[in-house]
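Thanks, everyone. Please have a look at the screen.

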Amino acid sequence: MIKHLHDPLWRAWATLLGLGVVTTLAAALGGHLPAPVLGAVLLAVAWTKARIILARYLGLVQAPAWQRGFDAVLGAFLLLLYGIYLIPAL
């Protein structure tokens with residue numbers, strides 16, 4: 001088990017598992033959080049999970065310029081989704 005701590009794919013998997021728990025807890029506590037906060041938390045977790053998958057499983061960590069491009073496009077898309085999510089709250 002200890003040797004796995006140095007394996008980037010194992011750490012990525014463990015992080016994704018932890019973020020899945022965070023998503024579940026946020027959804028369970030959704031009734032106690034304001035909708036804009038819950039939406040921001042869920043989208044931030046989704047962005048982090050997507051970055052881990054792109055970097056570790058698809059190998060973008062070896063191509064930093066491509067990783068920055070994907071991060072920028074993904075971040076812009078999630079900001080757009082958050083803006084659309086907030087429209088009914090106005």
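Let's start with Asp71. At a relative accessible area of 14%, Asp71 counts as buried. The cut-offs: buried is under 20% relative accessible area, exposed is over 50%, and partly exposed is in between, with a 1.4 Å probe and protein chains only. Asp71 sits in helix H3. Helices here are DSSP runs of H or I, at least four residues, numbered from the N terminus. What does Asp71 touch, leaving out residues up to four places away in sequence? Trp47 and Arg51. Contact means heavy atoms within 4.5 Å.

A word on the source. This is a predicted model, with local features needing pLDDT of at least 70 and side-chain atom pairs pLDDT 80 or more, while totals for chains, interfaces and linings use all residues. Residues are numbered from 1 along each chain as its sequence is written, and side-chain values use heavy atoms, with hydrogens and water left out.

Back to Asp71 and its surroundings. Asp71 is part of the H3 side of the contact between H2 and H3. Also on the H3 side are Gln67, Phe70, Leu74, Gly75, Leu78, Leu81, Tyr82, Tyr85 and Leu86. From H2 come Ala35, Pro36, Gly39, Ala40, Leu43, Trp47, Ala50, Arg51, Leu54 and Ala55. By class, this contact has 15 nonpolar, three polar and two charged residues. Nonpolar here means Ala, Val, Leu, Ile, Met, Phe, Trp, Tyr, Cys and Pro; charged means Asp, Glu, Lys and Arg; the others, Gly among them, are polar.

Now the geometry. Two packed helices are described by the angle between their axes and the distance between the axes. H2 and H3 pack at about 160°, axes 10 Å apart. That makes H2 roughly antiparallel to H3. Axes are lines fitted to C-alpha atoms, for helices over the stretch in contact, and angles run from 0 to 180 degrees between N-to-C directions. Under 35 degrees is roughly parallel, over 145 roughly antiparallel, 65 to 115 roughly perpendicular, and the rest oblique. The H2 and H3 crossing is right-handed. A crossing is right-handed if the near helix is turned clockwise from the far one by less than a right angle, and left-handed if anticlockwise.

Next, H1 and H2. H1 covers residues 8–28 and H2 covers residues 35–57. Their packing angle is about 165°, with axes 10 Å apart. H1 and H2 are therefore roughly antiparallel. Which hand is the crossing, left or right? H1 passes H2 in a left-handed crossing. The contact residues divide into 15 nonpolar, four polar and two charged.

Leu9 is in H1. At 41% relative accessibility, Leu9 is partly exposed. Leu9 touches Arg56 and Tyr57, again leaving out residues up to four places away in sequence.

Last, the aromatics. How many aromatic pairs are there? Three. Rings of Phe, Tyr and Trp (its six-membered ring) pair if their centres lie within 6.5 Å; planes under 30 degrees apart are stacked, over 60 edge-to-face, the rest tilted. One is Trp10 with Trp13: tilted, 6.3 Å centre to centre, 50° between planes. They are three residues apart in H1, so about one helical turn separates them. Another is Trp66 with Phe70: tilted, 6.4 Å centre to centre, 40° between planes. Both lie in H3, residues 64–86, four residues apart. Trp66 is exposed at 59%, while Phe70 is partly exposed at 36%.

Conventions: Helices (H or I, at least four residues) and strands (E, at least two) are DSSP runs, numbered from the N terminus.
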